[in-house]
Amino acid sequence: MIIAHAIDTLGATSPNPSVGCALLDGEGRILTVGVHPKAGQPHAEAMALAQARDVGVLDQVRTALVTLEPCNHTGRTPPCSEALRNSPVEHVWIGVADPTLQAAGGAARLQEMPGGCDVTFLEDVPELADLHRDCRALLAPFQSRVMRHRPWISVKQALDHNGSMIPPAGQTTFTSESSLTLAHRLRRATDAIITGVGTVLADKPRFTVRRVPDHANRARRLLVVCDRHGRLPADWKAEMEQAGFEVLTSTDLLAVPAMLADRGVNWAMVEAGPALLKTVSNSGLWDDWLTIRKDGDTDHITLQSRDESPLRLLRENACSLES
Ligand SMILES: NC(=O)C1=CN([C@@H]2O[C@H](COP(=O)(O)OP(=O)(O)OC[C@H]3O[C@@H](n4cnc5c(N)ncnc54)[C@H](OP(=O)(O)O)[C@@H]3O)[C@@H](O)[C@H]2O)C=CC1
Ligand SMILES: Nc1c(N[C@@H]2O[C@H](COP(=O)(O)O)[C@@H](O)[C@H]2O)[nH]c(=O)[nH]c1=O
């Protein structure tokens with residue numbers, strides 16, 4: 001449940017991570033779940049504590065489960081380690097240690113006496129291995145940007161029954177309704193789309209989130225078009241900007257990840273044709289790769305992943321706003 005809530009915020013929180021916090025009573029019952037909705041707004045722990053206060057259950061809270069180590073610094077909001085220390089929480093379960101120097105140290109601060117809490121990292125609890133894996137997958141986009149200075153990069157590739165990526169004449173897509181919904185869920189969760197000028201010229205794609213509701217509070221979405229010879233049509237670019245995209249062009253795909261990291265992009269997806277995908281594949285410039293192969297009326301979906309994959313989380317958890 002904590003993961004399902006936090007997944008909904010992927011695509012809205014960058015440059016911050018998506019984080020969830022559940023507060024439980026002494027019997028292990030969930031009282032409230034908070035998420036960090038957007039950079040500059042309260043963190044998940046503060047949201048969960050505020051909810052508990054609002055509904056009058058704060059005095060019953062004993063345990064906090066957080067997907068990421070509570071922050072220990074005053075950034076745009078006060079330290080969450082202090083907020084938890086100043087609450088009735090006695091035990092804090094932590095999904096993943098904070099990978100940033102500036103925010104780390106929350107676990108140590110929580111344990112500090114007097115008035116400290118017990119702290120357990122999920123990696124030390126074999127029975128919670130699945131939850132630990134989900135917390136790592138949830139953090140993977142942020143972790144990628146801060147540790148490698150490049151976003152997590154997901155490729156989505158649709159193939160017809162002959163293995164061709166080219167849609168029938170007059171169409172831009174050919175996969176099933178449920179595969180298209182997954183594709184739009186991925187668009188919703190990512191901060192940027194990388195495409196090739198060949199796709200733009202052939203399809204005039206919209207690249208919008210339509211099959212699931214987009215974030216109401218989304219920052220400007222980035223669209224990078226790989227185009228080495230200035231073939232991007234100016235009228236299409238203007239239409240995309242009108243639709244809320246910031247459109248950038250690049251003559252060097254290999255320079256795109258660092259450029260996106262500079263702009264605070266945690267997670268980018270590639271929606272491009274066979275020419276660009278060949279370079280993406282040859283250069284190893286991807287972290288997970290979703291292949292949707294049409295076979296009659298059904299699609300076979302495979303996911304290749306280098307590490308704990310946030311795309312796996314999206315496949316396994318429908319957006320809670322989906323009808
Ligand atoms: N089934 C699916 O999942 C998808 C299918 N498609 C289909 O693919 C077709 C288009 O494919 P394609 O023509 O291959 O188009 P691409 O989207 O792969 O774009 C190709 C262009 O990308 C640019 N490019 C390639 N490598 C680099 C690089 N290293 N750095 C910078 N730019 C680079 C080149 O631009 P330049 O010419 O300037 O050198 C090239 O012409 C369409 O029919 C479309 O419908 C598209 C997306 C997804
Ligand atoms: N053909 C194909 C895809 N292709 C991608 O979707 C783009 C069209 O997006 P839009 O204009 O927003 O509907 C197209 O240009 C290409 O990038 N995607 C899929 O999920 N399944 C498919 O079968």
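Student: What should I know before I start?

Tutor: Residues are numbered from 1 along each chain as its sequence is written, while chains are lettered from A and ligands numbered from 1 in the order in which they are written. The model is predicted, local features need pLDDT of at least 70, side-chain atom pairs count only at pLDDT 80 or more, and totals for chains, interfaces and linings use all residues.

Student: Which feature does UniProt place at residues 1-108?

Tutor: The unreviewed UniProt entry places "domain: CMP/dCMP-type deaminase" there. UniProt positions are given in the numbering used here, feature names are shortened, and annotations may be inferred rather than shown by experiment. Helices (H or I, at least four residues) and strands (E, at least two) are DSSP runs, numbered from the N terminus. Residues 1-108 are 24% helix and 24% strand, with end C-alpha atoms 27 Å apart.

Student: How do I read strand pairing, and which way do β1 and β3 run?

Tutor: Two strands pair if DSSP finds at least two bridges between them. Strand β1 (residues 20-25) is joined to β3 by five bridges, and they run antiparallel. Leucine 23 has alanine 64 of β3 as its bridge partner. On to β4 (residues 91-96): five bridges join β3 to this strand, and here the two run parallel. Alanine 64 has valine 92 of β4 as its bridge partner.

Student: Why is β3 described as largely enclosed?

Tutor: A residue is buried if 20 or more other C-beta atoms lie within 10 Å of its own, exposed if 12 or fewer, and partly exposed in between; C-beta atoms are placed from the backbone. Strand β3 (residues 61-68) is largely enclosed by the rest of the structure because seven of its eight residues are buried.

Student: How many residues lie between β11 and β12 in their hairpin?

Tutor: Two residues lie between them, and glycine 296 in the turn has a positive phi of about 65 degrees. Strands β11 (residues 288-295) and β12 (residues 298-305) pair in the antiparallel sense over eight bridges. Isoleucine 292 stands opposite isoleucine 301 in β12.

Student: Is aspartate 299 buried or exposed?

Tutor: Aspartate 299 counts as buried because 20 C-beta neighbours lie inside 10 Å. This aspartate 299 belongs to strand β12. Serine 176 is 123 residues from aspartate 299 in sequence, yet their C-alpha atoms are 6.7 Å apart in space.

Student: Where does helix α5 bend?

Tutor: The bend at a residue is the angle between axes fitted to the seven residues ending there and the seven starting there. In α5 the bend is about 50 degrees at alanine 140, and proline 141 follows within four residues.

Student: Which residues are closest to ligand 1?

Tutor: A residue is near a molecule or strand if its C-beta atom, placed from the backbone, lies within 6 Å of it. Ligand 1 is surrounded by 29 residues, and the closest are Gly196, Gly198, Cys226, Gly273 and Ala275. Helix α7 gives the largest share of this shell, five residues.

Student: What about ligand 2?

Tutor: There, 16 residues surround the ligand, with Ala158, Thr173, Ala183, Asp203 and Pro205 the closest. Its shell takes its largest share, three residues, from α6.
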